[in-house]
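These are my notebook entries on one protein structure. I set down what I looked up, entry by entry.

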Amino acid sequence: MIWDCARLDRQCIAARVHAGQSGAGGEVRMASPMVDFCEQANPGVLAEIRRLGGAVGSARRIQASFLAALEKRTLIWLAERTPGWINSDHLTALGLVGQMMAGGFYALSRWNKYYLLAAIGCLAVNWLGDSLDGTLARVRQRQRPRYGFYVDHMVDSFGAVAMMSGLALSGYMHPWIAVGLLLAFLVLSIQSYLATYAIGEFRLSFWSFGPTELRLLLAVGNLALLRWPRVLGGQYWLFDLGGVIGLIGMSVMLVFFTAQNGYRLYCQERIR
């Protein structure tokens, strides 16, 4: 085995040297297939990776939520009137700050329930930054598909951790339910990101529900919590009941779309 590895290394070096040599008339010879083999044990896998290298930028965006059409018109209107000194990075940072502050106000609501109103304001700030950053880039023709995709969704993950931590500390939601919601959100996000790469579809909404609808439901829940903190005869916290319903819904979405995408890929790459 050691001898085989050493021989392979020598072949790789020779292949690279051969690829760099010039033929008669100064024309560069075609690179040896061994170059690809040295970079990736399976040349077919390497070719597929290269073919999908632009999957993020060319992926079809699927946004079919209840408010998608209205939200799109609103965001374009805002983007066209955004001052020139504000760019997409500023808005991404604003969205993160809004979500982290929402988590902070949820934690503070343990001692004063009216901090729930401040959390609603922070959810609005999060919507503005998180939703407008990509629209602003497209309106100004300043897209950075891979950078934007990576940074935006890492920021979303950090923000989700902050907000769910605040809910867990608020006393209005059992910590384990908050942890379950966070895990479901992260795994559903992973499913969406993998589908973007493997299938070329970036799903922004699931069954007519997207981030904007979820923010509105949470804001309405905050208002309801001020009036009816406990439900079903005072046995359960309102947010515990809502959290369990949300967890069940997200789990069903995860199973459904994972099975659907897995079956699509199986049919596309069926081994005969």
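**Entry 1: salt bridges**

I looked up E80 and found that E80 counts as exposed, because its relative accessibility is 53%. For this term I used the following cut-offs: buried is under 20% relative accessible area, exposed is over 50%, and partly exposed is in between, with a 1.4 Å probe and protein chains only. The model is a predicted one, in which local features need pLDDT of at least 70 and side-chain atom pairs count only at pLDDT 80 or more, while totals for chains, interfaces and linings use all residues. Residues are numbered from 1 along each chain as its sequence is written, and side-chain values use heavy atoms, with hydrogens and water left out.

E80 forms a salt bridge with R81, and the closest N and O atoms are 3.7 Å apart. A salt bridge here is a side-chain nitrogen of Lys or Arg within 4 Å of a carboxyl oxygen of Asp or Glu. R81 counts as partly exposed, at 48% relative accessibility.

How many salt bridges does the structure hold? I noted 4.

I then turned to D89, which forms a salt bridge with R144 at 3.3 Å between the closest N and O atoms. D89 lies in helix α6 (residues 88-108) and R144 in the loop between α7 and α8 (145-170), so this pair ties together parts that are 55 residues apart in sequence. D89 is partly exposed at 32% relative accessibility, and R144 is partly exposed at 42%.

A further salt bridge joins R215 and D130, with the closest N and O atoms 2.9 Å apart. R215 is in helix α10 (residues 211-227) and D130 is in helix α7, so the pair ties together parts that are 85 residues apart in sequence. R215 counts as buried because its relative accessibility is 12%. D130 is buried as well, at 17%.

**Entry 2: helix α7**

I stayed with helix α7, which spans residues 115-139 and includes D133.

Apart from neighbours within four places in sequence, D133 is in contact with S88, L91, T92 and D152. Contact means heavy atoms within 4.5 Å.

S131 is also found in helix α7. S131 is buried, because its relative accessible area is 14%. Its contacts, leaving aside neighbours within four places in sequence, are E71, L75, N126, T212 and R215. I recorded one distance in this group: the C-alpha atoms of S131 and T212 are separated by 8.6 Å, although the two residues are 81 residues apart along the chain.

**Entry 3: strand β1**

R60 is found in strand β1 (residues 60-62). Not counting residues up to four places away in sequence, R60 touches G200, E201 and F202.

**Entry 4: cysteines**

I found 0 disulfides in the structure, a disulfide being a pair of cysteine sulfur atoms within 2.5 Å. C122 counts as buried at 6% relative accessibility, and C267 counts as partly exposed at 29%.

**Entry 5: the whole protein**

I noted 11 helices and 4 strands. Of the 272 residues, 35% count as buried. Among contacts with a separation of 6 or more, 70% are between residues 24 or more positions apart. The protein exposes about 16700 Å², of which carbon and sulfur atoms supply 67%; the areas come from the Shrake-Rupley method with a 1.4 Å probe, and for residues only the protein chains shown count as cover.

**Entry 6: confidence**

Where is confidence lowest, and where is it highest? It is lowest in helix α2 (residues 33-39), at a mean of 39, and highest in α6, at 97. The term pLDDT is the predictor's confidence in each residue, from 0 to 100. The mean pLDDT of the protein is 82, and 79% of its residues reach 70 or more. Over residues 1-41 pLDDT stays under 50, and the model has 31 contacts beyond four places in sequence for them. Where pLDDT is low, the predicted coordinates should not be read in detail.

Key:
Helices (H or I, at least four residues) and strands (E, at least two) are DSSP runs, numbered from the N terminus.
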